Amino acid sequence: MPVKSLRASPPSDDKRWLIVNATMRRHGYQSHALIETLHTVQESFGFIDVDALRFVATSLNLPLSRVLGVTTFYHYFNTEARGEHTCVVCTGTACYIKGGNDILAAIAQEMGVMDGETTDDNQLTVMTARCIGACGLAPAVVLDDDILANYTSERIIQKLKEVTGHGA
């Protein structure tokens with residue numbers, strides 16, 4: 001018996017919804033496509049908002065609570081837009097001991113953003129991670145997928161200003 005899809009209408013006319021729909025169609029609009037579909041939304045839009053959650057839930061015939069639960073459970077998924085650049089400061093034991101919290105404090109002072117915040121110009125989002133698995137590189141910071149190892153607070157601030165154009 002074929003799976004009946006409700007074929008919800010996308011939240012907007014944005015062409016990126018065609019990519020999301022293609023992911024669901026490839027899996028026959030079955031519930032097992034949830035995580036892959038959420039990845040597609042995230043990759044296409046940069047985050048997963050409430051309209052996207054509703055669209056995916058309806059299209060895959062899942063309760064909204066399940067889709068929201070999966071989205072908020074996995075750290076990879078964002079429910080809010082992020083800055084053009086992301087800076088993740090490791091706060092694990094090794095990084096903490098070697099100055100991770102000093103780096104966070106310097107970022108807050110120099111860039112004006114705390115953990116979980118984005119600069120007003122949407123250039124930088126700052127986050128923390130309990131451990132990134134790079135203890136030998138402590139203190140470690142991940143800037144846009146690049147690991148910055150053994151950086152001082154001053155070097156991190158300099159690098160952030162370079163990539164964001166702040167203070168240039």
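**Loops, pockets and salt bridges in the predicted model**

Gly133 is located in the loop that joins strand E2 (124-129) to strand E3 (140-143), where helices (H or I, at least four residues) and strands (E, at least two) are DSSP runs numbered from the N terminus. The structure is a predicted model, in which local features need pLDDT of at least 70 and side-chain atom pairs count only at pLDDT 80 or more, while totals for chains, interfaces and linings use all residues. Residues are numbered from 1 along each chain as its sequence is written, and side-chain values use heavy atoms, with hydrogens and water left out.

Gly133 is exposed, at a relative accessible area of 63% (buried, under 20%; exposed, over 50%; partly exposed, in between; 1.4 Å probe, protein chains only). Its C-alpha atom is separated by 27 Å from that of Glu110, 23 residues apart along the chain.

Glu110 takes part in one of the four salt bridges of the structure, a salt bridge being a side-chain nitrogen of Lys or Arg within 4 Å of a carboxyl oxygen of Asp or Glu. Its partner is Lys161, with an N to O distance of 3.3 Å. Glu110 belongs to helix H6 (residues 100-111) and Lys161 to helix H7 (residues 153-164), so the contact ties together parts that are 51 residues apart in sequence. Both are partly exposed, with relative accessible areas of 42% for Glu110 and 27% for Lys161.

A further salt bridge pairs Glu36 with Arg26 (3.0 Å, N to O). This pair links helix H2 (residues 34-45), which holds Glu36, to helix H1 (residues 16-26), which holds Arg26. Glu36 is partly exposed at 34%, whereas Arg26 is exposed at 55%. Within helix H3 (residues 50-59), Arg54 and Asp51 lie three residues apart, about one turn of the helix, and their closest N and O atoms are 3.9 Å apart in a salt bridge.

The largest pocket has a volume of about 340 Å³. Pockets are open sets of points on a 1 Å grid over the protein atoms alone, where a 1.4 Å probe fits, with protein on both sides within 12 Å along at least five of seven lines; lining residues have an atom within 4 Å of a point. Volume is the space filled by probe spheres set on the points, which are joined across faces, edges and corners. Of the 15 lining residues, Arg82, Thr86, Val88, Met127 and Asp145 lie nearest the centre of the largest pocket. Strand E1 contributes the most to this lining, with three residues.
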